[in-house]
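Here's a quick walk through one protein model, with a look at a strand and its neighbours and then at the pockets. Have the structure open and follow along.

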Amino acid sequence: MRKKIVAGNWKMNMTPTQAVELVNTLKPLVANDEVDVVFCVPAIDIIPAMEAAKGTNINIGAENMYFEDSGAYTGEISPKMLVDAGVKYVVIGHSERREYFAETDETVNKKVLKALEHGITPIICCGETLTQREQGITIDWIRQQIKIAFLNVTADQAKTTVIAYEPIWAIGTGKTATTEQAEEVCAAIRICIGEIYDQATAEAIRIQYGGSVNAGNAAELFAQPDIDGGLVGGASLKPDFGKIVCYK
Ligand code: PGA
């Protein structure tokens, strides 16, 4: 049985002061040991959020990292910095990073390998545009994203990773994929992982759905056989996040 994992993606929201307040507000609401709970927060919020979350079930994650250990990369955050701060999860290749910051499947792959090298669990994002969905190439597109993201990743490493399927047209739009659409793609991702590796790896890997997950739709989405939780943007900034984590 795969343990569910529900991660909040705060995006570029919350000052360090607000981050501490939000962690304190959500702390009692997300206390559910049946689910891995992660708050992926802006880099500057990591340390104060970590302090505020001490002694709780909340894991603090990062929203991005660079694929080198250190050096002349002004403005970037290295995996070593994340590890030193106690970070265990990092979102890699979110569609906003791909759209606004020129991330590609190739840089996603480099970051995935680097995160794994440092023992950080990557939450690897993939997803199609509305045009791609309407063209009927969703599954082909996602399979390509997955194959490139996992290049040179071993089966043992792959088992520890998390994949987030996030249809771009459903992010921040209030337009959730239907349960069938979400399950169809998550199942296809699992098949793809089985083809790259083996059945055991496919069964071990956790696949989240993301895109307008809220307190009203989480239970149905997370009940699907291939959906192992969610990556949650907007609703992760509100007390409603507690209802998503405690969806049962
Ligand atoms: P949303 O964002 O929940 O606000 O749609 C999801 C995400 O971008 O991870």
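## Strand E1 and its neighbours

Start with Ile5, whose bridge partner in E8 is Gly229. Keep in mind that this is a predicted model. That pair belongs to the parallel pairing of E1 with strand E8 (residues 229-232), which runs over four bridges.

E1 also pairs with strand E2 (residues 35-41), again in the parallel sense, this time over six bridges. Here Val6 has Val37 of E2 as its bridge partner.

## Is E1 buried or exposed?

Strand E1 covers residues 4-9, and six of its six residues are buried, so the rest of the structure largely encloses it. In a regular strand, side chains alternate between the two faces of the sheet. You can follow this in E1: Lys4, Val6 and Gly8 point one way, while Ile5, Ala7 and Asn9 point the other way, and all are buried.

## The largest pocket

The largest pocket holds about 530 Å³ of space. It's lined by 20 residues, and the closest to its centre are Lys11, Glu63, Asn64, Arg97 and Phe101. Helix H4 (residues 95-100) gives the largest share of the lining, three residues. By type, the lining splits into 11 nonpolar, four polar and five charged residues.

## The second largest pocket

Next comes the second largest pocket, with about 200 Å³ of space. Of its 17 lining residues, Gly172, Gly211, Ser212, Gly233 and Gly234 are the closest to the centre. This lining has five nonpolar, 10 polar and two charged residues.

Definitions and conventions:
Residues are numbered from 1 along each chain as its sequence is written. This is a predicted model: local features need pLDDT of at least 70, side-chain atom pairs count only at pLDDT 80 or more; totals for chains, interfaces and linings use all residues. Side-chain values use heavy atoms; hydrogens and water are left out. On a 1 Å grid over the protein atoms alone, a cavity is a set of points where a 1.4 Å probe fits but cannot get out, and a pocket is an open set with protein on both sides within 12 Å along at least five of seven lines; lining residues have an atom within 4 Å of a point. Grid points are joined across faces, edges and corners, and a volume is the space filled by probe spheres set on the points. Helices (H or I, at least four residues) and strands (E, at least two) are DSSP runs, numbered from the N terminus. Ala, Val, Leu, Ile, Met, Phe, Trp, Tyr, Cys and Pro count as nonpolar, Asp, Glu, Lys and Arg as charged, and the others, Gly among them, as polar. Buried means under 20% relative accessible area, exposed over 50%, partly exposed in between (1.4 Å probe, protein chains only). Two strands pair if DSSP finds at least two bridges between them.
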